[in-house]
Amino acid sequence: MATYQINVNGQTKKVDVDPGTPLLWVLREELKMTGTKYGCGISACGACTVHVDGIATRSCVVPVSLIGNRKVTTIEAIAQDPVGRVVQNAWVEKDVVQCGYCQSGQIMSAVALLKATPKPTDQNIEESMGGNLCRCATYVRIREAIKSASQQI
């Protein structure tokens, strides 16, 4: 066990965990922030996507010991971000969600995309969102929501 202080959604949080504990489990089990979902555990589905210093990151494969002073943003705080708010509103506008399980990771990846590329092409969207899987296959609506959000940014 080791003690870590990590910045999550603008607040410093102290946790006592094994250094190899994935960030996902620190968020969900230690900090009780369950918006970030467990999907595959091997960085293949994107359900666990959070931002680390603004970069979309698969939290299931990042040990908490590697976070250091970097800032972690989760779905719980994405509406506080102007781009995040626009993306969430676009998700509602386009009625993207079906079961909803993957959607927090989808939104986190979409926000990272739009911050890096405010006017993405279809190819940009496909490349950026390709690692986020949706069992309900809401991909068409996700693409529409990203395009709608990009027009509002």
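The model is predicted, so local features need pLDDT of at least 70 and side-chain atom pairs count only at pLDDT 80 or more, while totals for chains, interfaces and linings use all residues. Residues are numbered from 1 along each chain as its sequence is written, and side-chain values use heavy atoms, with hydrogens and water left out. The chain holds five helices and five strands; here helices (H or I, at least four residues) and strands (E, at least two) are DSSP runs, numbered from the N terminus.

**Overall fold**

- From one end of the sequence to the other, the elements follow the order β-β-α-β-β-β-α-α-α-α.
- The radius of gyration is 15 Å, which agrees with the value near 15 Å for a compact globule of 153 residues. That radius is taken over C-alpha atoms, and the globule rule is 2.2 Å times the number of residues to the power 0.38.
- Along its principal axes, the C-alpha trace spans about 45 × 30 × 25 Å.
- Of the 153 residues, 45% count as buried. Buried means under 20% relative accessible area, exposed means over 50%, and partly exposed lies in between (1.4 Å probe, protein chains only).
- Contact means heavy atoms within 4.5 Å. Among contacts with a separation of 6 or more, 56% come from residues 24 or more positions apart.

**Helices α2 and α5**

- The axes of α2 (residues 82-93) and α5 (residues 139-152) come within 8 Å and cross at roughly 135 degrees. That makes α2 oblique to α5.
- For these values, axes are lines fitted to C-alpha atoms, for helices over the stretch in contact, and angles run from 0 to 180 degrees between N-to-C directions. Angles under 35 degrees count as roughly parallel, over 145 as roughly antiparallel, 65 to 115 as roughly perpendicular and the rest as oblique.
- The crossing of α2 and α5 is right-handed. A crossing gets that name if the near helix is turned clockwise from the far one by less than a right angle, and is left-handed if anticlockwise.
- On the α2 side, V86, V87, A90, W91 and E93 take part, and they meet I142, A145, I146, S148, A149 and Q152 of α5.
- By class, this contact has eight nonpolar, two polar and one charged residues. Ala, Val, Leu, Ile, Met, Phe, Trp, Tyr, Cys and Pro count as nonpolar, Asp, Glu, Lys and Arg as charged, and the others, Gly among them, as polar.

**Two residues with positive phi**

- S43 sits in the loop between α1 (23-30) and β3 (49-52). Its phi is near 65 degrees, a positive value in a residue other than glycine, and S43 is partly exposed at 29% relative accessibility.
- D53 belongs to the loop between β3 and β4 (55-58). D53 is not a glycine either, yet has a positive phi of about 50 degrees; its relative accessible area of 45% makes D53 partly exposed.

- R143, in helix α5, is partly exposed with a relative accessible area of 26%. Leaving aside neighbours within four places in sequence, R143 is in contact with D122, I125 and E126. R143 and I125 are 18 residues apart in sequence, and their C-alpha atoms are 7.0 Å apart in space.
- S109, in helix α3 (residues 103-116), is buried at 4% relative accessibility. Beyond its neighbours within four places in sequence, S109 is in contact with T49, A56, R58, M129 and N132.
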